[in-house]
Amino acid sequence: MAVLLLAEVTDGELALDATAKAVTAAGALGDVTVLATGATCADAAAEAAKIDGVAKVLCAEDPIYGKRLAEPVADLIVSLAGDYEHIVAPATTDAKNIMPRVAALLDVMVMSDVTAVVDGSTFERPIYAGNAMQTVKSSDAKKVITFRGATFDAAGMGGSASVENIGAAADPALSSWVEDKVATSDRPELTSAGVVVSGGRGVGSEDDFKIIEALADKLNAAVGASRAAVDSGYAPNDWQVGQTGKVVAPDLYVAVGISGAIQHLAGMKDSKIIVAINKDEEAPIFQVADFGLVADLFDAVPDLTSKL
Amino acid sequence: MKVIVPVKRVIDYNVKVRVKADGSGVDLANVKMSMNPFDEIAVEQAIRLKEAGKADEVIAVSVGVKQAQETLRTALAMGADRAILVIASDDVHTDIEPLTVAKILKGIIDEEQPGLVLCGKQAIDNDMNATGQMLSALMGWSQATFASELDIDGDSATVTREVDGGLQTIKVNMPTVVTVDLRLNEPRYASLPNIMKAKKKPLDEKTAADYGVDASPRLEIVNTVEPAARAAGIKVGSVDELIEKLKEAGAV
């Protein structure tokens, strides 16, 4: 019963929190071998070796893994797969790019965004953007899984696993990296922000969205929007929170002028504390809000921004 | 160049899902169904490629139940040229797994020889985010997931991808599989004349067996439950009271 865990490594640096959470999830399945890949990955491998519960670290250092393109990394994992019953990763965009490819090459299904391990072949995962939780049992010989970070605690840092350097697999030479554009906004990234302030159709215009942004900046928050606000042209599409946008679960979510359509609630209902400000006291958003304020947002939001 | 666009029939995103009492899944009987929103973006992009002279034919494909005909008619009304329906189940409650869908799509690609497959990045029902990547693997092709920009130039395509923390641009060899994200475009609505015209466009019906694919699932559904409900909150009377409550809760 051995587990191969693809560490999250970006430009040689280990994303420790994401990787350590996946180690916790994988620990229930067997001995965990971490695979670190990159153009350079010695430092990332050394750091991963310290995570509690890691039995061994494999370090595959080669320029073809520099940007973690799906095709070469998937081929590498498949070349190692014989020794492992479970092949897992944190549910990042990188891993979601790579792991289904691995699964298909192994002729098995993938299980994405797993939130709980029931046993070695049975797992729980959200469907319909978390509007239902489904437990599935895999009949495949190998299980390929991504673990959603939010539901697992990060493993500690008291380990001292051995690190073994391994060679690269053949380069399939199907794709190449051109450039990365790291988000330049001064605000935190929407899906990982601790606080999110979102505006809905009630905000009324693109110009008036500035009062949402001002509150967000006061709270060091990311800015979100409902689909209705995006469809009305008040906010860009990549701010959309909901089933058809981003799914967020911050410590504090402030919904302003958002009625609470089902598809929006699906994207934010796992937030720790939800605040709703809306002038319609019948708005469904109040059914999920911890603190609801029935008020005109054009009075309440600037007032809140100035008093915080 | 032919472009294949797989589309999925899912519960409309405005409908509240209800878990069936026996835990076998979500109730899909007598519920409004629509095209998966990410697939609409893929259809739109394929039509734009045709309008720009970069594609000759757009073929919409759906794998599922017979009722997915309606979803394909929507794609045809938007501007797809023809459609292929692969019936893989008689039961509207059976979700065909991404691995099976990818195998059937491979069979279609072997016949049609498209230069590009455009898919939604995930379906909003099972949220698996897998079909495009799996298809690319089975074909031995390149893949470009979560695309927010796509530029095709002869033997290669340049794709900007939405990744954690920003954007990544990659260049992929053609033929390729591109899965699309929200920012790529805004899908058009089908006009009434185009809806009428779509009824006359060709729609072929096939079965999973026609492609030699065993559609039996690898994942057995053990149980499905409603997520834990949130405890009811309180209404506050003023901004000051709100700030006080947030401070008590340690939220600000």
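Author: Let us begin with a term: a polar contact is a pair of N or O atoms within 3.5 Å, and within protein one of them must be able to donate a hydrogen and the other to accept it. Please also keep in mind that this is a predicted model.

Reader: How many residue pairs are in polar contact between chain B and chain A?
Author: Between chain B and chain A, 40 residue pairs are in polar contact, with both residues at pLDDT 80 or more. The count of salt bridges between chain B and chain A is five.

Reader: What area do the two chains bury between them?
Author: The size of an interface is often given as the accessible area lost when the parts come together. Here chain B and chain A bury about 6600 Å² between them, and 57% of that is on carbon and sulfur atoms. On the side of chain B, the residues that lose the most area to chain A are B:Tyr13, B:Arg218 and B:Arg230, together 11% of what that side buries.

Reader: B:Arg218 was in that list. Which residue does B:Arg218 meet in a salt bridge?
Author: The partner of B:Arg218 is A:Asp140, with N and O 2.7 Å apart. A:Asp140 lies in the loop between strands S10 (132–138) and S11 (143–147) of chain A, while B:Arg218 lies in the loop between strands S11 (203–207) and S12 (219–225) of chain B, so the pair joins two chains.

Reader: Are A:Asp140 and B:Arg218 buried or exposed?
Author: Both A:Asp140 and B:Arg218 are buried.

Reader: What does B:Lys103 form a salt bridge with?
Author: B:Lys103 forms one with A:Asp107, and their closest N and O atoms are 2.7 Å apart.

Reader: Where do strands of the two chains pair?
Author: Strand S18 of chain A (residues 291–294) pairs with strand S13 of chain B (residues 234–236) in the parallel sense, over three bridges. Within this pairing, B:Lys235 is the bridge partner of A:Gly292.

Reader: Let us turn to salt bridges in general. How many are found over all chains?
Author: A search of the whole structure finds 37 salt bridges. One of them joins the side chains of B:Arg48 and B:Glu44, at 2.7 Å from N to O. These two residues lie four residues apart in helix H1 of chain B (residues 37–51), about one turn of the helix.

Reader: Why can residues four places apart in a helix point the same way?
Author: An α-helix has 3.6 residues a turn, so residues three or four places apart point the same way.

Reader: Why does B:Glu44 count as buried?
Author: B:Glu44 has 2% relative accessibility, and buried means under 20%. B:Arg48, in contrast, counts as partly exposed because its relative accessibility is 35%.

Reader: Which residue does B:Lys50 meet in a salt bridge?
Author: B:Lys50 meets B:Asp81, at 2.6 Å from N to O. This pair links distant parts of the chain, 31 residues apart: B:Lys50 is in helix H1 of chain B, and B:Asp81 is in the loop between helix H2 (69–78) and strand S5 (82–87).

Reader: A change of topic: where is there a cis peptide bond?
Author: A cis peptide bond joins B:Met174 and B:Pro175, with omega about -5 degrees. B:Pro175 is found in the loop between S9 and strand S10 (176–180) of chain B.

Reader: What is phi of B:Asn129?
Author: Phi of B:Asn129 is near 60 degrees, a positive value in a residue other than glycine. B:Asn129 lies in the loop between strand S6 (116–120) and helix H4 (131–139) of chain B, and B:Asn129 is buried, with a relative accessible area of 6%.

Reader: And where does B:Phe146 lie?
Author: B:Phe146 lies in strand S7 of chain B, residues 142–153. B:Phe146 also has a positive phi, of about 60 degrees, although it is not a glycine.

Terms used:
Residues numbered from 1 in each chain as written. Chains lettered and ligands numbered in written order. Predicted model: local features only at pLDDT ≥ 70, side-chain atom pairs only at ≥ 80, totals over all residues. Heavy atoms only, no water. Salt bridge = Lys/Arg side-chain N within 4 Å of Asp/Glu carboxyl O. Buried < 20%, exposed > 50% of the residue type's maximum accessible area, 1.4 Å probe, protein only. Buried area = accessible area lost by both parts, 1.4 Å probe. Polar contact = N/O pair within 3.5 Å; in protein donor to acceptor, adjacent residues only side chain to side chain. Pairing = 2+ DSSP bridges.
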